[in-house]
Amino acid sequence: MAKFDIRWAQLDVARQMETVEFIEKFIVLLADSGYNGLLLYLEDRIKTATYPYADDAESYTPDQIREMVAYAEKLGLELVPVVSPVGHTERFLKHEELKHIAELRGKIAGAYNEAGVERYMATCPQLPATPAFFDAYLTEVAELFPSPFFHIGFDEIWDMGFCELCKKKSIADLYYEAVTHFHDVLKKCGKDCMIWDDMLEQFPWVMEKLPRDIVMCAWFYRFYPQDSGRRTRYIVLNQTFSSILSSSVLLLSGIMIDAVEGSPLQDQMILGFRYFAFVLVLIDVMMQAFAKEYDVPKAPKLRLTNVFTLPFHY
């Protein structure tokens with residue numbers, strides 16, 4: 001694998017929780033493949049004093065997290081948590097004790113639902129109760145991970161600006177205020193704040209005001225801005241931050257999608273790209289499993305890991 005400073009993979013245990021044993025086996029696979037970090041996408045998966053509501057079977061204890069962190073460190077990997085305090089908070093908001101901080105509380109209409117339908121996918125950043133809860137929770141989670149990084153998501157916040165409190169401000173202002181607030185919380189914990197940058201493609205001028213020590217992570221589906229001025233501003237301002245790029249996402253969801261836009265077979269070609277990506281990753285994992293089981297000599301220059309599955313470049 002090319003010797004980039006940051007060679008991380010991401011494991012989503014929010015949508016599909018894995019056992020500690022499975023995660024530790026995955027860490028071994030990463031270490032053997034030349035990675036030096038694992039981005040652990042958690043959402044609400046850690047049960048703490050601030051957040052005791054989830055069932056034990058759906059949560060990791062602080063001690064289990066410490067065990068995984070220590071295991072990874074022995075193999076030269078750092079574990080980095082991902083907990084989103086605004087978007088992708090549906091797992092938090094399914095509990096009655098936290099529904100009052102939902103943006104669409106009271107079943108109001110949102111981006112993808114009519115009034116009267118409960119769709120609690122994002123918190124309200126203007127309610128004092130929202131930072132009161134997440135400031136404490138993020139602090140508890142930060143204490144479990146020695147890594148200097150903490151990822152707070154901030155991607156795909158489609159239900160923003162709908163409640164009566166949030167309607168008073170623009171979505172760009174709401175986003176800026178929320179990011180800077182949680183950036184400051186993590187700073188007090190001694191952490192460098194990381195976010196996905198996809199929302200900023202819609203209002204790139206916000207980047208002019210954001211703290212420059214935020215690390216931008218490109219979750220690059222494609223360019224949202226259709227006008228060249230906004231697109232150029234997004235690209236230029238992004239260069240003023242430290243950035244982590246997902247090479248496979250960049251190739252398959254960005255350049256390739258833009259290349260086929262307007263084609264009569266556009267949808268089929270995009271789906272084909274994604275199946276092709278899945279097959280390559282599957283082949284790579286199978287090759288590594290085969291090599292481990294039968295002690296096949298490694299051939300680093302031929303392994304797909306080198307050219308395809310490296311998720312992030314710092």
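Predicted model: local features only at pLDDT ≥ 70, side-chain atom pairs only at ≥ 80, totals over all residues.
## Exercises on helix H2

**Exercise 1.** Work out what end-to-end length the 13 residues of helix H2 (residues 62-74) should span, and check that against the model.

*Solution.* Take 1.5 Å a residue, multiplied by one less than the number of residues. Helices here are DSSP runs of H or I with at least four residues, and strands are E runs of at least two, numbered from the N terminus.

Residues are numbered from 1 along each chain as its sequence is written, and side-chain values use heavy atoms, with hydrogens and water left out.

**Exercise 2.** Find which residues of H2 are buried, and decide how they are arranged around the axis.

*Solution.* Start with the cut-offs: buried is under 20% relative accessible area and exposed is over 50% (1.4 Å probe, protein chains only). Ile 65, Met 68, Val 69 and Ala 72 are the buried ones in H2. They cover an arc of only 100 degrees around the axis, so they lie on the same side of H2; the arc is taken from the directions from the helix axis to the C-beta atoms.

**Exercise 3.** Identify what the buried residues of H2 pack against.

*Solution.* Look for contacts (heavy atoms within 4.5 Å). The partners are helix H1 (20-32) and strand E3 (78-82).
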